[in-house]
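This report goes through one protein structure, element by element. Keep the sequence and the 3D view open while reading.

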Amino acid sequence: MIKVGCCGFPRSFALYVRTFRLVEIQQTFYRLPRLSTVQRWRERAPAGFEFTMKAWQLITHPPTSPTYRRLGRPIPARAAERYGGFRASREVRQAWEATREVARALGATVVVFQCPASFTPTAQNIARMRAFFSAIDRGGLRLGWEPRGAWDPAVVARLCAELDLIHCTDPFVLRPAPGPIRYFRLHGRTGYRYRYTDEDLEQLRRWCAARRVTFYVLFNNVTMWDDARRFASLVAGRS
């Protein structure tokens with residue numbers, strides 16, 4: 001099964017849900033929306049429409065990240081070391097609990113933990129990941145992990161298997177770890193402004209040919225709307 005969509009809504013909500021059956025919510029990474037807002041999204045979407053979402057940045061990113069500019073509130077300097085990096089802190093635990101509550105209201109199926117490139121494969125970081133994912137209440141959600149930077153693919157595959165995580169990756173950069181679910185986030189081969197060629201999309205289709213595997217294919221580039229529609233048409237034409 002190949003599920004195609006975009007990271008965020010590049011068109012109006014009404015047009016988007018008429019065109020695709022899948023979206024990854026981006027807003028939840030920067031600042032969690034009200035529960036009433038995500039419940040409204042769920043109610044307005046047609047039956048069978050699937051939401052995935054990004055986990056709140058307070059879990060994965062330190063307050064020095066420029067993404068905190070969109071948080072909407074300052075982080076006290078005295079508390080800065082208690083945020084991000086899957087730390088064993090009350091702040092990170094509460095950020096996960098709030099993320100899970102939004103995911104439940106949205107009816108999300110997958111929550112993606114996107115890490116910054118500064119989260120490198122040190123023994124401390126790996127230990128923090130193990131402690132975090134072993135301790136949290138997942139609430140029946142599937143959890144995905146998108147590492148960035150110099151992670152050994154073998155280490156990524158081993159952690160995903162050990163911690164029951166879906167490896168989220170751009171397959172043009174790093175091939176996915178084995179598993180029954182492959183989650184592709186396509187950021188543009190040369191950057192956000194990249195438009196995928198017909199050859200790129202054909203290669204992507206070949207990567208999605210494995211049997212008994214569900215593929216999530218989510219475009220996250222400037223031309224995501226057009227590229228996702230082109231890829232959905234290509235998949236439909238070959239199915």
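## Cysteines

The structure holds zero disulfides. It is a predicted model. A disulfide is a covalent bond between the sulfur atoms of two cysteines. The cut-off used for such a pair is a sulfur-to-sulfur distance within 2.5 Å.

For cysteine 6, the closest cysteine sulfur belongs to cysteine 7 and lies 7.6 Å away, which is too far for a bond. Cysteine 6 is buried, at 0% relative accessibility. Cysteine 208 is likewise in no disulfide, and its nearest cysteine sulfur, in cysteine 168, is 14 Å away. With a relative accessible area of 6%, cysteine 208 is buried.

## The barrel

Eight strands close into a barrel, in the order S1-S2-S3-S4-S5-S6-S7-S8, with parallel pairing. On average, neighbouring strands of this sheet are turned by 25° against each other, direction ignored. Strands of a sheet pair through backbone hydrogen bonds, either parallel or antiparallel.

Two of the pairings can be followed at residue level. Strand S1 (residues 2–7) and strand S2 (residues 22–25) run parallel and are joined by two bridges. Cysteine 6, the buried residue discussed above, stands opposite valine 23 in S2.

## Helix H5

H5 has 17 residues and reaches 24 Å from its first C-alpha to its last, close to the 24 Å expected at 1.5 Å a residue. The buried residues in H5 are Glu91, Val92, Ala95, Trp96, Thr99, Arg100, Val102, Ala103, Ala105 and Leu106. Just after H5, glycine 107 takes a positive phi of about 75°.

What does threonine 99 touch, leaving aside its neighbours within four places in sequence? Threonine 99 lies in H5 and is buried, with a relative accessible area of 0%. Its contacts beyond those neighbours are Leu32, Met53, Ala55, Trp56, Ile59 and Val111. Of these, Ile59 falls within the residue range of helix H4 (57–60), and Val111 within that of strand S4 (110–114).

## Helix H6

Helix H6 covers residues 123–135, and at 1.5 Å a residue its 13 residues should span 18 Å; the end C-alpha atoms are 18 Å apart, which agrees. Asn125, Ile126, Met129, Phe132 and Phe133 are buried in H6. They cover an arc of only 130° around the axis, which puts them on the same side of H6. Among the elements covering these buried residues are helix H4 (57–60), helix H5 (90–106), strand S4 (110–114), strand S5 (142–146) and helix H7 (153–163).

The face of H6 turned away from the buried side carries the exposed residues Ala123, Ser134 and Ala135. Serine 134 counts as exposed at 57% relative accessibility. Although serine 134 and aspartate 164 are 30 residues apart in sequence, their C-alpha atoms are 9.5 Å apart in space.

Is phenylalanine 86 buried or exposed? Phenylalanine 86 lies in the loop between H4 and H5, and its phi is positive, about 55°, although it is not a glycine. With a relative accessible area of 1%, phenylalanine 86 is buried.

Arginine 212 is another residue other than glycine with a positive phi, near 55°. Arginine 212 is found in the loop between helix H8 (198–207) and strand S8 (214–219). At 79% relative accessibility, arginine 212 counts as exposed, whereas phenylalanine 86 is buried.

Note on methods. Residues numbered from 1 in each chain as written. Predicted model: local features only at pLDDT ≥ 70, side-chain atom pairs only at ≥ 80, totals over all residues. Heavy atoms only, no water. Helix = DSSP H or I, 4+ residues; strand = E, 2+ residues; numbered from the N terminus. Expected span 1.5 Å × (residues − 1). Buried < 20%, exposed > 50% of the residue type's maximum accessible area, 1.4 Å probe, protein only. Arc of directions from axis to C-beta. Contact = heavy atoms within 4.5 Å. Pairing = 2+ DSSP bridges. Axes fitted to C-alpha atoms, helices over the stretch in contact; angles between N-to-C directions.
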